[in-house]
Amino acid sequence: MNRRKSRRCGHAPGRLSPEDQAAVDAFRAMLAALRSPEPWTPGSAQDIAVRVGPCIERAHTRPGDDHGPDVIAVALQDPGGPYPLYGAHRWKRGWLRCETAKIVGVWNPAYAPLTHAAAGRDLPDDVGMAPAHYALHIEARKRDDSLDGSTLLRLGPYTQTRHAQQDYDRLTAALDGRETTALPGYRVSTRFGPFDVSDHDRFTDPYATDVVALLADVLEGVDPQ
């Protein structure tokens with residue numbers, strides 16, 4: 001009777017090399033982490049794992065960002081974390097608004113093979129999250145309907161929308177009835193806008209000053225010509 005020789009699949013007979021065993025152990029740890037992620041609790045200081053397209057990335061959280069519990073502010077991190085820069089895209093984006101539905105759980109080093117970094121890639125231009133920093137721009141525009149004008153004051157970054165809204169309301173009230181008289185020939189107004197991290201030196205910290213008093217000082221020092 002003929003007997004078929006037994007065959008082994010996956011590797012040659014014998015023990016795995018230390019390198020192969022480490023790869024197998026890492027893969028098993030990743031699967032276990034995906035099957036049973038450690039739940040993230042709002043307010044926790046632990047880094048979290050969030051979905052960015054088909055990948056999972058490490059993110060550092062910041063309390064608050066909006067009025068509801070479904071969005072938090074995060075800063076995407078190098079998987080080796082906690083704070084090393086991971087490519088130009090991440091640094092320029094700063095804080096992002098992350099839906100809690102995208103959170104896998106508490107960050108686990110076993111997720112590292114699932115990151116863009118593991119594939120040797122930077123983050124995509126669209127990570128599916130809007131900027132979480134906000135700013136107010138006080139502008140003076142010509143009243144002849146032209147686009148001529150300038151930005152008198154930039155306030156930011158605001159870390160929560162409600163803070164920006166509060167200062168917007170205060171500044172709008174301070175300008176009430178004076179929009180067209182504060183600077184002759186110009187209309188002065190306040191608008192929301194994104195906070196540009198690369199231009200941070202052009203912004204005034206709204207948490208360290210009285211924004212209404214600051215506006216008055218700016219208007220007093222402006223040459224309408």
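Me: Which residues are linked with Glu139 and Arg141 in a network of salt bridges?
Reply: The network of salt bridges links Glu139, Arg141 and Arg191, and please keep in mind from the start that this is a predicted model.

Me: How far apart are the closest N and O atoms of Arg141 and Glu139?
Reply: In the salt bridge that Arg141 forms with Glu139, the closest N and O atoms are 3.5 Å apart.

Me: And is Glu139 buried or exposed?
Reply: Glu139 counts as buried because its relative accessibility is 8%, and the cut-off for buried is under 20%.

Me: How many salt bridges does the count come to?
Reply: The count comes to five salt bridges. One of the salt bridges joins the side chains of Arg58 and Asp47, with 2.8 Å from N to O.

Me: Where do Arg58 and Asp47 sit in the chain?
Reply: Arg58 belongs to strand E2, which covers residues 55-62, while Asp47 is in the loop between helix H1 (18-35) and strand E1 (48-52). The two residues are eleven residues apart, and the pair links distant parts of the chain. Both Arg58 and Asp47 are buried.

Me: What about Arg170, which residue does its side chain meet in a salt bridge?
Reply: The side chain of Arg170 meets that of Asp167, and the N to O distance in this salt bridge is 3.7 Å.

Me: Why are Arg170 and Asp167 separated by about one helical turn?
Reply: They are separated by about one helical turn because they are three residues apart in helix H3, which spans residues 161-175. As for accessibility, Arg170 counts as partly exposed at 38%, whereas Asp167 is buried, with a relative accessible area of 10%.

Me: Changing topic, where is His133 found?
Reply: His133 is found in the loop that lies between strand E6 (130-131) and strand E7 (134-142). This histidine, His133, is buried, with a relative accessible area of 13%.

Me: Leaving aside its neighbours within four places in sequence, which residues is His133 in contact with?
Reply: With those neighbours left aside, His133 is in contact with Arg62, Trp95, Pro157, Tyr158, Pro194 and Phe195.

Me: Is the peptide bond from Gly156 to Pro157 cis or trans?
Reply: The bond from Gly156 to Pro157 is cis, and its omega is near 0 degrees. For background, most peptide bonds are trans.

Methods: Residues numbered from 1 in each chain as written. Predicted model: local features only at pLDDT ≥ 70, side-chain atom pairs only at ≥ 80, totals over all residues. Heavy atoms only, no water. Salt bridge = Lys/Arg side-chain N within 4 Å of Asp/Glu carboxyl O. Helix = DSSP H or I, 4+ residues; strand = E, 2+ residues; numbered from the N terminus. Buried < 20%, exposed > 50% of the residue type's maximum accessible area, 1.4 Å probe, protein only. Contact = heavy atoms within 4.5 Å.
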